[in-house]
Amino acid sequence: MFRAQRRKKNETDITTAKLLLKNERRGVLSVIGDNGYPYAVPLNYIYDEEENRIYFHGSKVGHKIDAIRKCDKVCFTVFGDEEKGEPEWAPYMKSTIVFGRCHLVESKERTLKLVKKLALKYYPDEAEVDSVILEEGHGVQMFEIEIEHMSGKRVQER
């Protein structure tokens, strides 16, 4: 159902792909937007390897949520972890691409747990996280991507 990578020599193993997904701070979500045009939006996220899911937050209204409600098929990409190469001006970069189905988290209790888990990845301490959730948690929509396929790649930028 999903295409194999064309250049096998650039493919990383799944462990490396998951590690990048776990460690990077931002990714790009791609959905089928208005009038069939792709819509890609950068966002913060967390990856739960045990659940085989990616979680992110957003508004309860807007282009992203409208697109997901219309078609739950998404692509999520992270990239980074550069290494110096030869020549030095052309580093190696890793990327992970995920295909899956995105759903809204409907339970308020689960939403708040996931918001806290997400915020702890980005905020300096738990007290600040709890304060922000208390003030703004009621307006947050959490999303989950159920991962169907994942691949990793390591390429040199030249």
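**Stop one: helix H3**

Start with the buried residues of H3, which pack against strand E2 (26-32), E3, E4, strand E5 (53-58), helix H4 (126-136) and strand E8 (141-156). Contact here is heavy atoms within 4.5 Å, and buried is under 20% relative accessible area, exposed over 50%, partly exposed in between (1.4 Å probe, protein chains only). Helices (H or I, at least four residues) and strands (E, at least two) are DSSP runs, numbered from the N terminus.

A word on the source: this is a predicted model, where local features need pLDDT of at least 70 and side-chain atom pairs count only at pLDDT 80 or more, while totals for chains, interfaces and linings use all residues. Residues are numbered from 1 along each chain as its sequence is written, and side-chain values use heavy atoms, leaving out hydrogens and water.

Now select Thr111, Leu114, Val115, Leu118, Ala119 and Tyr122: in H3, these are buried. They cover an arc of only 135° around the axis, so they sit on the same side of H3; the arc is that of the directions from the helix axis to the C-beta atoms.

**Stop two: the rings**

Next, pick Tyr45 and Phe76, an edge-to-face aromatic pair with 5.0 Å centre to centre and 70° between the planes. Rings of Phe, Tyr and Trp (its six-membered ring) pair if their centres lie within 6.5 Å, with planes under 30 degrees apart counted as stacked, over 60 as edge-to-face and the rest as tilted. Tyr45 is in the loop between strand E3 (38-44) and strand E4 (46-48), and Phe76 is in strand E6 (residues 73-83), 31 residues apart. Both Tyr45 and Phe76 are buried.

A charge sits over a ring if NZ of Lys or CZ of Arg is within 6 Å of the ring centre and within 35 degrees of the ring normal. For another case, select Arg154, over the face of Tyr92 at 3.8 Å from the ring centre.

**Last stop: the cysteines**

How many disulfides (cysteine sulfur atoms within 2.5 Å) are there? The structure holds 0. Cys71 has its sulfur 11 Å from the closest cysteine sulfur, in Cys102, too far for a bond.

Terms used:
A disulfide is a pair of cysteine sulfur atoms within 2.5 Å.
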